[in-house]
Amino acid sequence: MIPTSHYLVVSLLLFTTGVIGVLTRRNVIIVLMSIELILNAVNINLVAFSQHLASLDGQIFAIFVITDAAAEAAVGLGIIIAFFRNRQTLLADEMDLLRW
Amino acid sequence: MNEAGYFLEHIGWIPLFPLASAALMLLLGRRLPKAAVSVACVGSVFVSFVYAAGAVLQLGARPAEERVFQKILFEWIPAIPYHGAAPGLSQFSADWGMLLDPLSSVMILVVTGVGFLIHVYSIGYMGHEGGYYRFFGYMNLFMFSMLTLVLGNNLLLLFVGWEGVGLCSYLLIGFFFLKKSASDAGKKAFVVNRVGDAGFLLGIFLASTVLGTIRFTDHGLEGAAKFSGMIDVLRSGAFHSGEAVLTAMAILFFIGATGKSAQIPLYTWLPDAMEGPTPVSALIHAATMVTAGVYMVTRMNALYQLAPEAMLTVAVIGGLTAFYAATMGLVQNDIKRVLAYSTISQLGYMFLALGVGAFTAGIFHLMTHAFFKALLFLGSGSVIHALSGEQDMRRMGGLWSKIPTTAWTFMAATLAIAGIPPLAGFFSKDEILWRTFAGGESGIYKVLYLVGLVTAGMTAFYMFRLVNLTFFGKSRVEHEVEHHIHESPSSMTVPLMILAFLSVVGGWIGLPHLSLFERWLEPVVAPVQAAAGAAEAGWSMVEAGMMLISVLVALGGIWLAYNIYLEREGLADQLAARWKGLYELVFHKYYMDEVYDSLFVNRTKDLATALGDFDRGVVDGLGVDGSATATRLTSRLSMWWDRWIVDGLVNLSGAIVRFASYPVRMVQTGLVQSYALVILFGVLLLLVVYLGWPAVSYVRTLLHSA
Amino acid sequence: MVQDLLSRLGMQLPKEFALILPQVQLGIFALGILLTDFLLDRKSRWWNAVLALAGVGFSGKALWNLRNLEDVSAYHSSIVVDPFAVFFGFLFLISAALVILLSVRYLEIEDEHHGEFYALLLLATIGMMFLATGSDLITLFLGLETMALSFYVLTGFLRHRKASNEGALKYVLLGAFSSGILAYGFSLMYGIGGSTNLARIAQAYAERSPGDPLVLISLVTVSAGVFFKIAAVPFHMWAPDVYEGAPTSITASISVASKAASFALLLRIFCTAFWPIRPNWEMVVAGVAVASMTIGNFGAITQSNLKRLLAYSSIGHVGYMLLGLVAGTPDGFKGIAFYLLVYVFMNTGAFAIVILLRREGVIGEDIEDLNGLISRRPVAAILLLIFMLSLAGIPPTAGFIGKYFIFLSLIETGHYVLAVFAALYIAPALYYYFRVVVHAWMREPGGAARPTISVAQGVALAACTLFILVAGLLPDRFINFAGTTLQSQFLQMILR
């Protein structure tokens with residue numbers, strides 16, 4: 001059986017990948033996808049712990065996190081569409097109307 | 001407890017009258033006719049005065065030891081138990097309560113009385129200005145705050161008034177807000193005062209922690225817990241004299257006082273505050289608000305008596321300020337600025353008095369100063385009014401016969417501030433000087449006495465310089481202004497006359513032998529510990545000698561001013577003027593100058609330089625001209641110091657604050673990913689700290705065990 | 001209402017249902033507004049606002065019935081109704097009501113008057129109430145996300161304004177990012193505690209060694225997520241941009257209700273699970289508080305946009321409130337609760353004045369737009385002065401008393417340096433609040449028109465002013481109200 005710590009390492013890698021994606025990608029849709037990666041890292045953690053502790057709470061939590069990720073994507077994409085209509089761009093670094 | 005009379009029962013109303021009228025003005029004032037504005041605003045202050053006078057009379061009718069009246073209007077901050085520094089569980093609470101005792105009765109009479117006269121005066125003075133209703137609205141709001149300040153029965157309520165008067169002062173200094181200098185001055189006053197306020201606030205917190213209460217006293221309160229008042233706690237003997245925490249508390253309060261009462265190092269805002277309308281200068285920046293610091297320190301006198309180091313600090317700062325500000329007053333050409341420096345100097349006197357333990361003398365001087373300084377400001381306003389807004393004394397002169405009422409009232413105030421007997425200023429100033437001299441064994445009190453004495457001479461000098469330049473000599477008024485010179489309307493001159501009367505007789509209640517004033521205030525400022533070998537306040541030959549010296553010094557100052565400013569002007573005039581008897585001395589002085597010139601200039605150069613300089617120094621130093629030059633030089637120096645160093649620091653701190661704002665904004669690039677980066681940075685920072693903290697404490701335990 | 005209806009239909013509900021009735025009421029009205037919105041034409045959209053207010057009212061009634069409960073947990077201990085939850089619930093409902101009152105006219109001027117606005121506002125309030133009642137990680141997470149998702153949409157509600165789009169997009173990206181971090185922390189907490197229940201997690205934390213890296217990483221990630229939501233430095237960057245972009249009434253809601261809800265979350269977590277490792281985070285929270293006061297107060301000084309200025313000022317206020325947590329005494333917690341209560345009214349009031357300035361063709365967010373308000377609309381200028389005095393913490397306004405409790409708790413616990421910091425930062429704060437007052441009171445009006453005040457706005461403004469003055473002069477009752485939170489079991493446990 002794979003030890004729990006291995007799952008945690010995978011999850012940490014996934015989390016880091018997501019964070020790097022958020023910080024470096026210019027396209028806001030990819031930024032949104034990177035955030036989904038972070039949430040997936042959370043899910044791996046939750047399920048691994050659930051397995052380790054033999055408790056179902058973690059898996060239930062994971063399902064809620066998946067639902068939340070879906071809702072976040074829906075809202076995020078809606079806002080991105082409104083933004084695109086007004087500004088004709090999807091690049092994060094052209095989003096600088098509000099500053100200082 | 002005996003029955004409280006009508007006015008005492010309704011003491012809570014005193015601040016409410018001006019508040020109501022202020023609210024009316026600010027909400028509906030624009031639609032009211034001018035007459036209605038005047039009646040409502042001046043009337044409300046008058047009613048306050050009547051209620052205040054009534055309350056004081058009813059208080060005075062009681063036997064001396066029962067002259068404390070407290071009325072709690074409602075419980076403001078309910079009792080909150082907490083563990084402070086005082087042993088046991090403290091109860092922190094604050095009421096919205098009014099405290100009338102001999103000290104606050106002096107204050108409310110001064111505030112409402114002088115305030116009323118200034119309000120009357122403003123009807124005439126502000127008659128032609130825009131925003132009439134706004135002006136009176138702010139003035140009434142100020143009266144409300146000031147009365148709350150002096151009547152509040154605890155530190156927090158005092159602080160409410162403290163901030164309120166600051167706000168009104170700010171609004172009124174910037175009243176002519178279209179003038180940039182006016183709004184800048186308002187801002188400066190505001191910022192400088194905040195520094196003091198921070199100290200004051202910390203003092204309040206410290207007091208509530210250490211003493212367990214912030215109410216002033218539990219006297220006059222039925223059913224109050226014993227020692228629910230700070231003064232009672234301090235007098236109970238629970239603290240020893242000179243405890244560090246008491247000193248710290250006293251110093252913090254004094255920091256607050258230096259801001260509001262314009263003492264070193266926080267005085268710079270007051271001269272600039274003269275940008276406000278003249279009645280504002282008279283009411284706020286001379287008679288009432290700036291004395292709030294003096295009032296507060298006197299209110300807390302029980303604390304100061306237990307903190308000798310703090311007392312000495314107060315005395316030294318007060319003495320220095322008195323001297324320093326007076327030197328600056330010597331060279332000002334703006335009539336109001338001379339008075340502003342004079343105010344700072346006189347406030348310094350008051351703190352000097354407080355610092356040597358002469359609380360009564362300080363409050364006495366506060367009262368007489370309120371009379372004559374308000375009169376001086378109002379008089380200068382009348383001059384400015386007559387000259388269509390001219391404030392430069394170099395373009396005045398010879399106004400004595402043209403605006404006679406203003407002139408003689410102004411003269412009365414000038415004699416009073418110069419300390420000529422038997423006018424008001426003489427008694428209060430003399431009292432302070434004498435008490436300073438007798439303040440203690442240490443040589444520092446003698447030095448402070450000398451400083452005070454020299455300051456008295458300078459005061460007489462610059463005040464008479466002002467009078468001479470303004471009212472005497474030949475007119476230097478610009479031609480087109482000259483036609484319009486007119487005496488002010490009676491709404492302005494009548495207050496001047498009343499104040500002149502008070503400036504003359506106001507000091508008599510403090511006549512050395514009678515000491516009515518001292519006996520009145522005695523219950524408030526009684527020594528905390530049985531005073532061992534305190535200076536006998538009675539009449540003695542030494543005191544009489546002191547009195548004589550201070551009068552002579554004042555006369556000397558007047559003589560000097562007379563010489564320099566009237567004579568030299570005559571000389572600068574036609575030759576014929578020189579021969580008039582009045583200008584005799586000028587001629588003589590000029591002769592002396594020529595002698596000096598011939599002595600020094602005609603010497604051969606090889607002998608001259610070193611010796612000549614020495615001679616010039618010594619002879620000039622003894623001569624009239626030399627001493628004048630020396631004082632002028634020092635005052636130039638202090639002006640320079642003031643402008644470049646002190647102002648520079650104030651401006652610099654403002655610049656730093658603004659400058660610090662830009663990096664904060666620059667980081668805010670608007671780029672969402674840089675924000676995310678900052679978040680990540682924050683996470684890493686937290687990680688480092690969280691991981692680092694146990695490591696640090698681990699190392700610390702290792703070090704301790706080693 | 002719902003219970004009556006259902007019982008008449010012969011349906012039996014578990015008794016636990018009464019505990020979430022306030023949320024359910026809000027939900028029903030939110031859905032109802034979405035339906036009725038179809039039936040209303042442009043002119044009669046204000047009925048939506050009436051419905052939303054009715055929903056808040058019913059919810060308030062349901063909450064009122066719960067006011068005397070002491071710590072009832074339900075739904076397998078996933079929620080707990082205690083005085084803490086009730087207090088915060090009222091806070092959210094008051095804020096929602098004020099925001100609804102302020103929104104009607106504003107949305108008409110913006111030409112975006114849709115029912116969804118009110119529905120989303122009510123849904124956000126549901127999320128907040130679950131945040132305050134949640135005693136389980138799942139409940140807390142869901143409450144937080146319900147609130148956050150609603151606010152993302154509301155921020156971008158002015159679809160045709162570029163600033164609104166941009167603010168919303170920034171909010172959703174950064175908000176989701178921080179939620180991800182928070183969820184990661186939650187997953188670790190679950191792993192450590194073996195349960196999603198906060199009380200059990202607290203036991204597990206108490207048994208672990210405080211230097212355990214897993215414990216520390218969970219602490220870091222959870223505190224980062226929570227600090228983001230309350231906009232504490234260095235997680236504050238989103239706040240000025242989002243505040244400026246969002247519709248002004250929503251800005252008020254984000255700065256007040258969302259912040260209060262996040263504080264509820266913060267207290268729930270820090271005072272249960274993280275309390276055993278308090279030495280670890282005490283100084284960190286103090287540092288964050290001081291940094292927030294610094295950045296907030298200095299950043300506000302040179303702002304010329306009123307909404308941005310208030311955004312920075314709210315960052316500063318967060319710093320003050322966090323100091324209450326640092327002290328960790330009854331007075332500290334009471335101070336936080338009272339501060340938040342006052343903050344609801346004073347900050348909403350300040351934003352209400354900004355809303356008044358919004359007119360056809362005038363954005364009205366610049367500080368110059370306030371010029372000469374005293375002669376254009378004296379009432380508004382006086383109210384502005386009161387709000388600013390209160391925000392600056394000058395007695396006798398309620399804002400002072402909030403600050404006072406924080407000071408008191410700091411002095412009580414010997415944090416003198418922090419108290420000095422907190423007192424000193426009043427100076428720059430006064431400076432920029434008075435800049436606002438100066439523009440309203442001491443500048444020439446120029447050509448700007450008189451702002452008008454609708455009835456609804458008038459009611460909201462009157463409520464704010466009245467509260468600030470009454471709570472400043474007679475704070476007794478309100479302090480006791482805030483003090484009820486202390487009776488909650490989770491606070492009693494740590495205060496004993």
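In the predicted model, ten residues of chain B are in contact with ten residues of chain A, contact being defined by C-beta atoms, placed from the backbone, that lie within 7 Å. Helix α28 (residues 672–705) of chain B supplies the largest share of the side of chain B that touches chain A, namely five residues; helices are DSSP runs of H or I of at least four residues, strands are runs of E of at least two, and both are numbered from the N terminus. That side of chain B comprises five nonpolar residues, four polar and one charged (nonpolar: Ala, Val, Leu, Ile, Met, Phe, Trp, Tyr, Cys and Pro; charged: Asp, Glu, Lys and Arg; polar: the others, Gly among them).

Chain A contains three helices and zero strands. Its radius of gyration, taken over C-alpha atoms, is 17 Å, well over the 13 Å given for 100 residues by the globule rule, so chain A is more spread out than a compact globule; the rule is 2.2 Å times the number of residues to the power 0.38. The C-alpha trace of chain A spans about 50 × 25 × 25 Å along its principal axes.

Within chain B, the axes of helix α9 (residues 244–260) and helix α12 (residues 292–299) come within 8 Å and cross at roughly 160°. The two helices, α9(B) and α12(B), are therefore roughly antiparallel to each other (angles over 145 degrees). Axes are lines fitted to C-alpha atoms over the stretch in contact, with angles from 0 to 180 degrees between N-to-C directions. Residues of α9(B) in this contact include B:Phe253 and B:Phe254, and those of α12(B) include B:Met296 and B:Val297.

Residues are numbered from 1 along each chain as its sequence is written, chains being lettered from A and ligands numbered from 1 in the order in which they are written. In this predicted model, local features need pLDDT of at least 70 and side-chain atom pairs count only at pLDDT 80 or more, whereas totals for chains, interfaces and linings use all residues.

Terms used. Two residues are in contact if their C-beta atoms, placed from the backbone, lie within 7 Å. Angles under 35 degrees count as roughly parallel, over 145 as roughly antiparallel, 65 to 115 as roughly perpendicular and the rest as oblique.
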